[in-house]
Amino acid sequence: VESPAVAMKVPQPMVNPQAAPPGVTTSEEHSWGAATFWSRFWARCFDLPLCWLAASFLLAFLPEFTSPVSGSFGFIIDLLLGMFFICLVVFAYESLCVSRFGATPGKMMFGLSVSSVDNRMPTWAEAKRRAWAYLQSGLYFTLFLPMLQIFATYSAWRRRDGSQPWDMAGRTFVRQKPINPLRFAIAVLISFSFITFMVVTNKVVKEVSKEEIRRSIIR
């Protein structure tokens with residue numbers, strides 16, 4: 001459920017979605033338009049697995065944490081701590097990429113660019129507010145629960161003609177430059193492969209965890 005602070009619409013000054021993002025020459029302004037829902041969706045499907053892989057890689061080098069609680073509750077605590085760490089990686093990833101480059105790698109693949117409402121690169125503070133609001137409003141994706149992810153996707157699709165809550169919280173909006181259909185198709189294929197790999201691997205991990213919980217209960 002979205003928090004009132006995030007769901008509240010922030011008044012935004014009028015912006016021209018066809019104006020070029022910071023760093024783009026004015027001769028290219030006419031080619032930029034408002035970002036489409038599906039481009040943003042597939043860009044997110046590329047970015048989330050990257051964060052998941054980065055979190056898994058970093059966790060492998062951290063000291064192993066042993067839960068003070070044994071049995072099934074111990075496994076649940078371990079899973080929650082792992083999810084918390086993934087959320088931290090998502091927050092850092094979104095904040096750094098948006099404030100430094102104006103886009104995440106996934107957005108770059110689809111020609112998307114994040115700008116502040118006054119047409120400049122988002123500041124570190126704005127990028128952090130945007131990332132935090134995404135975790136609050138779009139946490140369904142990060143939790144990897146199919147029903148919640150479907151609900152979140154449907155909610156985002158219903159808002160496709162307006163700003164998403166994290167855009168309003170960060171006072172940003174997303175532009176899109178038309179890309180070659182072949183490039184779009186390849187980018188979608190890559191994003192689909194990434195998200196499928198993450199979902200399947202996560203499913204296997206969950207099954208292993210369930211089996212461990214069953215064994216601990218039987219003991």
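**Rings first, then a serine**

I started with W52, which is buried because its relative accessible area is 10%, under the 20% limit. Its partner is F197: I find the two rings edge-to-face, 6.2 Å centre to centre with 75° between the planes. I noted that this pair joins distant parts of the chain, with W52 in helix α2 (residues 37–61) and F197 in helix α9 (residues 181–218), 145 residues apart. F197 itself is partly exposed, at 47% relative accessibility. A reminder to myself: this is a predicted model.

Next I asked how many aromatic pairs a search of the whole structure finds. The search gives 8. Among them I looked up F37 and W38, whose ring centres are 4.9 Å apart with planes at 75°, so I logged the pair as edge-to-face. F37 is buried at 11% relative accessibility, whereas W38 is partly exposed at 46%.

I then checked for charges over rings. The charged end of R44 sits over the ring of Y134, 4.0 Å from its centre. R100 lies over the face of F101, at 6.0 Å from the ring centre.

Is S99 buried or exposed? S99 counts as buried, because its relative accessibility is 16%. A polar atom of its side chain lies 2.7 Å from the backbone oxygen of S95 and 3.3 Å from that of L96. Leaving aside neighbours within four places in sequence, I find S99 in contact with M121, P122, T123, W124 and A127.

Key: Residues are numbered from 1 along each chain as its sequence is written. This is a predicted model: local features need pLDDT of at least 70, side-chain atom pairs count only at pLDDT 80 or more; totals for chains, interfaces and linings use all residues. Side-chain values use heavy atoms; hydrogens and water are left out. Buried means under 20% relative accessible area, exposed over 50%, partly exposed in between (1.4 Å probe, protein chains only). A polar contact is a pair of N or O atoms within 3.5 Å; within protein, one must be able to donate a hydrogen and the other to accept it, and residues adjacent in sequence count only if both atoms are side-chain atoms. Contact means heavy atoms within 4.5 Å. Rings of Phe, Tyr and Trp (its six-membered ring) pair if their centres lie within 6.5 Å; planes under 30 degrees apart count as stacked, over 60 as edge-to-face and the rest as tilted. Helices (H or I, at least four residues) and strands (E, at least two) are DSSP runs, numbered from the N terminus. A charge sits over a ring if NZ of Lys or CZ of Arg is within 6 Å of the ring centre and within 35 degrees of the ring normal.
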